[in-house]
Amino acid sequence: MTERTVVVGAALLDGGRLLAARRSAPPELAGRWELPGGKVEPGEGPEAALVRELREELGVEAETVGPVPGEWPLRPPYVLQVWTARLRPGSAAPEPLQDHDALRWLAPEEVWDVDWLDQDVPAVRETLAVIAADAH
């Protein structure tokens, strides 16, 4: 069995809007949009990793709400798992601190207005289904 590394992505939600982050590095990804997040470190659970990554990348205090069903392959050995999350009361507003040069809150009808990274597209699609289900 090959080792795999989980990358957690945040479907950070606020008032039904989804936060998208534009990559500034590496060069082959720069200018395209993704769900913010990062690698789960050894001994760390995916939810704890997501809270830590959002603090490091966006300067926010967030909490996970629940997993988005599915897992998406990235380049080996990485796989993407997505969790819905929300800002904790009193958290600072998100800012692009690491690896990003812009952030956008997207209403459901605006989600496809940005050029998502190819590997994030199926995760974003599934996230929209979760958002829609939660709205009913």
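View 1. Gln 81 is in contact (heavy atoms within 4.5 Å) with Arg 4, Val 6, Val 7, Val 8, Gly 9, Pro 46 and Glu 71, leaving aside neighbours within four places in sequence. This is a predicted model: local features need pLDDT of at least 70, side-chain atom pairs count only at pLDDT 80 or more, and totals for chains, interfaces and linings use all residues. Residues are numbered from 1 along each chain as its sequence is written, and side-chain values use heavy atoms, with hydrogens and water left out. Strands (E, at least two residues) and helices (H or I, at least four) are DSSP runs, numbered from the N terminus. Gln 81 has a relative accessible area of 17%, so it counts as buried (under 20%; exposed is over 50%, partly exposed in between; 1.4 Å probe, protein chains only). Its side chain makes a polar contact with the side chain of Glu 71, at 2.7 Å. A polar contact is a pair of N or O atoms within 3.5 Å; within protein, one must be able to donate a hydrogen and the other to accept it, and residues adjacent in sequence count only if both atoms are side-chain atoms.

**View 2. Ala 10 in strand β1.** Ala 10 is buried, with a relative accessible area of 0%. Leaving aside neighbours within four places in sequence, Ala 10 touches Leu 35, Pro 36, Leu 50, Leu 54 and Trp 83. Thr 84 is 74 residues away along the chain, yet the two C-alpha atoms are separated by 5.9 Å.

**View 3. Helix α1, residues 46-58.** The helix has 13 residues, so at 1.5 Å a residue it should span 18 Å. The expected span is 1.5 Å times one less than the number of residues. The end C-alpha atoms are 17 Å apart, which agrees. Buried residues here are Ala 49, Leu 50, Val 51, Arg 52, Glu 53, Leu 54, Glu 57 and Leu 58. Their cover includes β1 (5-14), β2 (17-23), β4 (37-39), β5 (62-67), β7 (78-87) and β8 (100-106). Gly 59 follows α1, and its phi is positive, near 70°.

**View 4. Ser 91 in the loop between β7 and β8.** The Ser 91 side chain reaches the backbone nitrogen of Glu 61 at 2.9 Å. Leaving aside neighbours within four places in sequence, Ser 91 is in contact with Val 60 and Glu 61.

**View 5. The largest pocket, about 590 Å³ of space.** Of its 25 lining residues, Val 7, Arg 23, Leu 29, Glu 34 and Arg 75 are the closest to the centre. β1, β4, α1 and β7 each give two or more residues to this lining. By class, the lining has 10 nonpolar, five polar and 10 charged residues. Nonpolar covers Ala, Val, Leu, Ile, Met, Phe, Trp, Tyr, Cys and Pro; charged covers Asp, Glu, Lys and Arg; the others, Gly among them, are polar. On a 1 Å grid over the protein atoms alone, a pocket is an open set of points with protein on both sides within 12 Å along at least five of seven lines, and lining residues have an atom within 4 Å of a point. Points are joined across faces, edges and corners, and the volume is the space filled by probe spheres set on them.

**View 6. The second largest pocket, about 200 Å³ of space.** Its lining includes Leu 13, Gly 16, Val 65, Ile 131 and Asp 134. β7 gives the largest share, four residues. The lining divides into five nonpolar, two polar and three charged residues. Asp 134 lies in helix α2 and is exposed, with a relative accessible area of 61%. Asp 134 and Gly 16 are 118 residues apart in sequence and 9.6 Å apart in space, C-alpha to C-alpha.

Methods: 1 Å grid on protein atoms, 1.4 Å probe; cavity = no way out; pocket = protein on both sides within 12 Å on 5 of 7 lines; lining within 4 Å.
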